[in-house]
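Good morning, and thank you for coming. Please look at the model on the screen, and I shall then take you through it.

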Number of protein chains: 2
Amino acid sequence: MNTRFAVAVHILTLLESQKGEPATSELVASSVGTNPSLIRRLMGRLIKAGLASAKRGVGGGAVLGRPANQIRLLDVHRAIDEDAGVIPIHQTPSPKCPVGRNIARALEGRFEAVEQAMYDELARTTIADLASDLSRRNQLRRARA
Amino acid sequence: MNTRFAVAVHILTLLESQKGEPATSELVASSVGTNPSLIRRLMGRLIKAGLASAKRGVGGGAVLGRPANQIRLLDVHRAIDEDAGVIPIHQTPSPKCPVGRNIARALEGRFEAVEQAMYDELARTTIADLASDLSRRNQLRRARA
DNA sequence: CAAATGTGTTACCGATTTAGTTACAAATCA
DNA sequence: TGATTTGTAACTAAATCGGTAACACATTTG
């Protein structure tokens with residue numbers, strides 16, 4: 001896996017914290033710690049999936065595509081990693097071997113169950129959950145100061 | 001992810017199908033569709049984890065380290081991918097941003113739950129399960145012929 | 001209209017990972 | 001001793017990943 005999924009979740013959580021105020025890729029990039037072009041590339045997928053929308057020009061930027069409590073981590077994962085089977089299977093087994101002949105199909109079934117378990121768990125958290133988690137953490141931080 | 005996990009499962013399932021007869025890396029490689037050296041490298045990790053053992057020289061090769069019904073896919077995953085967090089988090093967020101400051105810790109908790117769900121599912125299948133799955137598939141195949 | 005702002009998109013780079021390959025010392029057996 | 005097989009190191013080609021520069025296009029402002 002790559003960190004794109006984590007970054008995408010970061011982006012959307014930041015958009016939620018903006019309360020509808022558009023965030024430029026410049027602003028988002030400074031929060032994520034990378035550069036605007038990379039953010040815009042990721043944002044493109046989020047927009048395509050309806051999780052965000054963007055406006056060009058002065059005063060432009062990105063906002064959430066729908067309420068944060070209706071964006072599950074599962075939706076984000078689907079938007080970012082599209083097809084990509086989570087657990088890849090080698091495509092080289094020998095058709096002449098009783099094991100090699102069937103192993104791929106046998107593994108497919110098991111691996112799908114594993115992915116499904118992952119998806120079920122990813123469906124349990126929304127961007128709103130994360131946002132309130134963050135604000136709780138920041139309150140604690142202020143209380144200690 | 002890489003295909004090493006799938007290949008490792010393939011290897012162990014083949015060993016099980018050998019009924020205690022040692023399999024050379026040459027034989028295993030021909031079933032997997034790669035070369036013996038790669039197999040020996042992977043086998044090294046399986047041996048280190050106690051899932052297999054090997055003998056050198058004439059009549060040598062690898063056998064299972066314990067009964068197939070006591071080798072879960074989870075054990076194989078641990079043997080192969082060791083540390084490797086399943087869902088990586090970017091290490092670059094800005095400490096100056098209220099979101100960037102806490103996002104990593106917030107994500108950690110959620111991602112751990114996801115990984116745990118994965119592990120729970122991986123623990124439900126053993127090499128013995130796969131072996132009997134394969135023999136069932138081969139029986140069907142013979143019945144059709 | 002012209003300038004400034006900001007997105008959308010392409011192309012490219014360097015570092016890392018991956019699978020594959022060669023080579024050879026060490027161990028084992030006949 | 002000679003044949004076989006593992007264990008391990010070194011190297012390569014291709015893919016992936018995060019990062020960067022460049023620029024056309026859209027939008028707002030003056």
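Predicted model: local features only at pLDDT ≥ 70, side-chain atom pairs only at ≥ 80, totals over all residues.

Let me begin with the residues of the surface near DNA strand C, which divide into 8 nonpolar, 15 polar and 7 charged. Here Ala, Val, Leu, Ile, Met, Phe, Trp, Tyr, Cys and Pro count as nonpolar, Asp, Glu, Lys and Arg as charged, and the others, Gly among them, as polar. A residue is near a strand if its C-beta atom, placed from the backbone, lies within 6 Å of it.

Residues are numbered from 1 along each chain as its sequence is written, and chains are lettered from A and ligands numbered from 1 in the order in which they are written.

Which residues come nearest to DNA strand C? Of the 30 around it, they are Ala54(A), Asn2(B), Thr3(B), Ser37(B) and Gly57(B). The largest share of this surface near DNA strand C, 7 residues, is supplied by α3(A). Helices (H or I, at least four residues) and strands (E, at least two) are DSSP runs, numbered from the N terminus.

We turn to DNA strand D. Of the 30 residues around DNA strand D, those that come nearest are Asn2(A), Thr3(A), Ser37(A), Gly57(A) and Ser25(B). At least two residues each come from α3 of chain A and from α2 (25–32), α3 and β2 of chain B. The most, 7 residues, is given by α3(B).

How are the two chains related? Chain B is superposed on chain A by a rotation of 180 degrees with 0.0 Å of shift along its axis, at an RMSD of 0.2 Å. That is the relation of a two-fold axis. The superposition is by least squares on the C-alpha atoms of residues with pLDDT of at least 70 in both copies.

Next, a hairpin. In chain B, strands β1 (residues 52–55) and β2 (residues 61–64) pair in the antiparallel sense over 4 bridges; pairing requires that DSSP finds at least two bridges between the strands. Ser53(B) has Val63(B) as its bridge partner in β2(B). Between β1(B) and β2(B) lie 5 residues, and Gly57(B) in the turn has a positive phi of about 80 degrees.

Finally, consider Lys19(A), in the loop between α1 (4–17) and α2 of chain A. Its phi is near 50 degrees, a positive value in a residue other than glycine.
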